[in-house]
Each structure stands twice: as C-alpha cells, then as structure tokens.
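User: I have a model open and a few things to check. Can we go through it together?

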Amino acid sequence: MTHAGSSYDLDTPAALQALAEQERRLCVSAAERIRQAGLPCADVSIGSTPTALSAQSLHGVTEVRAGVYVFFDLVMHNIGVCQADELALSVLTTVIGHQQDKGWIIVDAGWMAMSRDRGTQRQSEDFGYGQVCSESGEWIDGARVTGANQEHGIITLAAGSEADISERFPIGSRLRILPNHACATGAQFPDYHACDSEGAIHTWSRLHGW
C-alpha cells in the first residue's frame with residue numbers, strides 16, 4: 001500500500017504521469033517480492049488524487065484509493081487536475097458585518113468551518129482560507145478569505161478594488177467559500193447538503209472517526 005503524497009508538490013501533467021508510474025511500478029514490484037518469498041499478497045493498493053487521475057497504466061494494481069477526487073478542492077485546482085467549475089464542496093456562509101476602513105467583509109465561517117488547512121500557501125496561487133463565490137457558485141474574482149478566527153472569517157478583495165463592500169456584500173447576504181482541502185473542511189460538519197440538478201437538497205450523513 002502506498003500514498004503518493006509528493007504528488008501534491010507537482011503541477012505539470014508530465015511530472016504527475018511520471019510519479020504515477022513510479023508509484024505503480026514500485027508497489028507492484030514490492031508485491032511480487034512478497035509473493036516470491038512465499039507470502040500471500042492479494043491486494044496492491046495505491047492512491048493519491050493527482051496520481052490516480054494521471055496514471056497511464058494500472059497494470060498489477062488491484063485498488064486505487066483517491067479520496068478528494070470525489071469533490072476536488074483548491075489544492076487540486078492549483079496542481080492542475082481539475083477546473084474551477086469542478087469543485088463540488090463549498091461552505092455556505094452569511095455576511096454579518098463590515099469594517100469599512102480595513103476593507104473587511106465579516107462572515108460567520110471561521111476556521112471551525114473551513115479548517116486551519118492552508119494547503120495553497122506554498123503553491124502557485126494562495127487562496128488564503130478559501131475562494132469566495134456567490135450563493136449560486138460563481139467565483140468572485142479577487143475575493144478571498146484572508147483571515148479567520150474560530151467563528152468568523154474575514155473576506156477581502158484584491159488590491160485596487162473600488163467596490164463599496166457594504167453595498168456589494170450587504171449584511172445578511174449569503175456566499176459560498178471553496179476550501180483549500182475538502183477532506184479537512186468536510187470533517188468539520190456532521191452532514192453534507194447535496195444539491196441535485198433540479199435544485200433539491202438532500203442530506204448525506206458523514207462517517208466520523210478513524
């Protein structure tokens with residue numbers, strides 16, 4: 001069993017494909033050596049979302065474990081394995097205040113909602129604690145959750161924006177925040193509220209614990 005965690009440091013198709021093949025080849029080779037020693041080895045399990053989506057061959061592999069590919073997130077977006085409109089998990093939040101002099105939009109989703117994960121910090125594009133979208137899911141360019149405490153998030157706009165934040169984001173308006181790491185953010189909640197193609201909401205319970 002392997003997990004190609006180093007794939008998170010890559011961002012080109014060629015590099016991801018090379019690592020995916022290395023992961024497959026070495027894990028299959030290890031399984032063959034175990035069998036040659038007279039021991040059973042029925043399962044050959046590999047996995048990471050970037051390599052699972054980049055593998056050119058899975059010969060000899062019996063299982064691929066790739067968790068975050070179910071939802072994708074901003075880290076995966078930066079790696080290049082998904083497009084912006086493929087991110088399926090978001091946190092619905094409400095604007096609860098402003099600090100006009102600082103350009104802050106205050107929302108009721110802090111790190112207890114988003115998690116402390118800052119996985120994009122070392123990548124090509126830093127999304128802070130999350131990318132801000134409209135309630136219907138459209139990205140709001142330049143709007144990021146740039147600060148967070150336990151219960152509250154601080155949204156700021158890109159430098160040079162002349163928008164009146166209290167008019168554009170009035171108190172009571174709702175926004176969606178795309179997370180850096182869908183696994184960490186999802187773990188903050190007991191359920192998913194899944195929206196189907198007709199707009200109906202379904203509650204999916206999460207499995208908790210390890």
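User: Which residue just after H1 takes a positive phi?
Analyst: Gly38, with a phi of about 90 degrees. This is a predicted model, where local features need pLDDT of at least 70, side-chain atom pairs count only at pLDDT 80 or more, and totals for chains, interfaces and linings use all residues. Residues are numbered from 1 along each chain as its sequence is written, and side-chain values use heavy atoms, with hydrogens and water left out.

User: What does helix H1 reach from its first C-alpha to its last?
Analyst: 34 Å over 24 residues (13-36), close to the expected 34 Å. The expected span is 1.5 Å times one less than the number of residues. Helices (H or I, at least four residues) and strands (E, at least two) are DSSP runs, numbered from the N terminus.

User: Which residues of H1 are buried?
Analyst: Leu16, Leu19, Ala20, Glu23, Arg24, Cys27, Val28 and Ala31. Buried means under 20% relative accessible area, exposed over 50%, partly exposed in between (1.4 Å probe, protein chains only).

User: What covers them?
Analyst: Strand E1 (45-46), helix H2 (49-52) and helix H3 (74-79) are included in that cover, with contact meaning heavy atoms within 4.5 Å.

User: Is Cys195 buried or exposed?
Analyst: Exposed, at 54% relative accessibility. Cys82 is buried, at 4%.
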